[in-house]
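Subject: Structure handover

Hello,

Here is the structure you are taking over, with my notes on it below.

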Amino acid sequence: MIKYFVDPNGVFIGSYDGGDPPEGSIEVPYPPPYDSTQKWEGDKWGDPVISPMAVDMERYRRTTMGFVYGGKAYQTENQSQIDDILGKMTDSLAAITIDQAQPGDLRWSDPDHDFAWSAADGSLVPMDAQTCLAFTRAAVRRKTLLVGAGLALKAMNPIPIDYMDDKYWPPMDSTAKAARK
């Protein structure tokens, strides 16, 4: 029969099926249900200790969910999409400052084709250089807001067990709200 043990501080040692557990260990009725960071509190397991790395993973997951700009959702689920956004930030800024691209000019990126960005729903959204610059800045702002939310969580002691709850994180359309202020 498998038995479970903690040390005198309530830290889970492990399970034993025969043999002698470490000296000074205390038998408990069941292993920690979440992970080994939980401590035995005499009659139940305490909450797990959430690591800063777990918060970073949640921030990354939310970064890959994309963002909303102009009422449309856009993808940022892989590095290529993020690189495209950052590249167009530079292109649109150069078109405005060097080429003096004018509002409404959709051929700022290529003189033979109107520029449009593909939204998450597959639709093409026409953008002049000014709109594209605002769009790319919204993507960067979204990442900045997520980093800030993650840092705020990691500053909490302990990090809340419900750190993945939306209440701690900016919504996908938070950049649109920030742009209107």
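In what order do the three strands of the open sheet lie, and is the pairing parallel or antiparallel? The order is E2-E1-E3, and the pairing is antiparallel. Please keep in mind throughout that this is a predicted model.

The sheet

E2 and E3 are the edge strands, each of them pairing on one side only. From one strand to the next, the twist averages 35 degrees.

On one side, E1 (residues 3-6) is joined to E2 (residues 12-16) by four bridges in the antiparallel sense. Within this pairing, phenylalanine 5 has glycine 14 of E2 as its bridge partner. The two strands make a hairpin, and five residues lie between them.

E3 covers residues 26-28 and runs antiparallel to E1, with three bridges between the two. Here valine 6 stands opposite isoleucine 26 of E3.

If you look at the side chains here, the general rule to have in mind is that in a regular strand they alternate between the two faces of the sheet.

Salt bridges

The search of the whole structure gives 10 salt bridges. I describe some of them here.

The pair glutamate 58 and arginine 62 has its closest N and O atoms 2.7 Å apart. Both residues are in helix H1 (residues 52-63), and because they are four residues apart, about one helical turn separates them. Are the two partners buried or exposed? Glutamate 58 counts as buried because its relative accessibility is 3%, under the 20% cut-off. Arginine 62, at 4%, counts as buried too.

Lysine 88 and aspartate 91 form another salt bridge, with 3.2 Å between the closest N and O atoms. This pair lies in helix H2 (residues 79-97), and its members are three residues apart, about one turn of the helix. Lysine 88 counts as buried at 16% relative accessibility, whereas aspartate 91 is partly exposed at 38%.

There is also a network: salt bridges that share partners join Glu58, Arg61, Arg62 and Asp166.

Which parts of the chain does the salt bridge between lysine 72 and aspartate 121 bring together? The side chains meet at 3.0 Å, N to O. The pair links distant parts of the chain, 49 residues apart: lysine 72 belongs to strand E5 (residues 72-74), and aspartate 121 to the loop between strand E6 (116-118) and strand E7 (124-126). Lysine 72 is partly exposed, its relative accessible area being 27%. Aspartate 121 has a relative accessible area of 54%, over the 50% cut-off, and is therefore exposed.

Helix packing

H2 also packs against helix H3 (residues 129-155), at an angle of about 145 degrees and with the axes 8 Å apart. The crossing of the two helices is left-handed. On the H2 side, the contact is made by Ile85, Leu86, Lys88, Met89, Ser92, Leu93, Ala95 and Ile96. H3 contributes Ala129, Gln130, Cys132, Leu133, Phe135, Thr136, Arg137, Ala139 and Val140. By type, the residues of this contact are 12 nonpolar, three polar and two charged. Lys88, listed in the contact, is the lysine that forms the salt bridge with aspartate 91.

Proline 126

One further residue to look at is proline 126, in strand E7. Is proline 126 buried or exposed? Proline 126 counts as exposed because its relative accessibility is 52%, over the 50% cut-off. Leaving out residues up to four places away in sequence, proline 126 touches Leu106, Phe115 and Ala116. Aspartate 105 is 21 residues from proline 126 along the chain, and the C-alpha atoms of the two are separated by 10.0 Å.

That is what I have on this structure.

Regards

Notes. Residues are numbered from 1 along each chain as its sequence is written. This is a predicted model: local features need pLDDT of at least 70, side-chain atom pairs count only at pLDDT 80 or more; totals for chains, interfaces and linings use all residues. Side-chain values use heavy atoms; hydrogens and water are left out. Two strands pair if DSSP finds at least two bridges between them. A salt bridge is a side-chain nitrogen of Lys or Arg within 4 Å of a carboxyl oxygen of Asp or Glu. Buried means under 20% relative accessible area, exposed over 50%, partly exposed in between (1.4 Å probe, protein chains only). Axes are lines fitted to C-alpha atoms, for helices over the stretch in contact, and angles run from 0 to 180 degrees between N-to-C directions. A crossing is left-handed if the near helix is turned anticlockwise from the far one by less than a right angle, and right-handed if clockwise. Contact means heavy atoms within 4.5 Å. Ala, Val, Leu, Ile, Met, Phe, Trp, Tyr, Cys and Pro count as nonpolar, Asp, Glu, Lys and Arg as charged, and the others, Gly among them, as polar.
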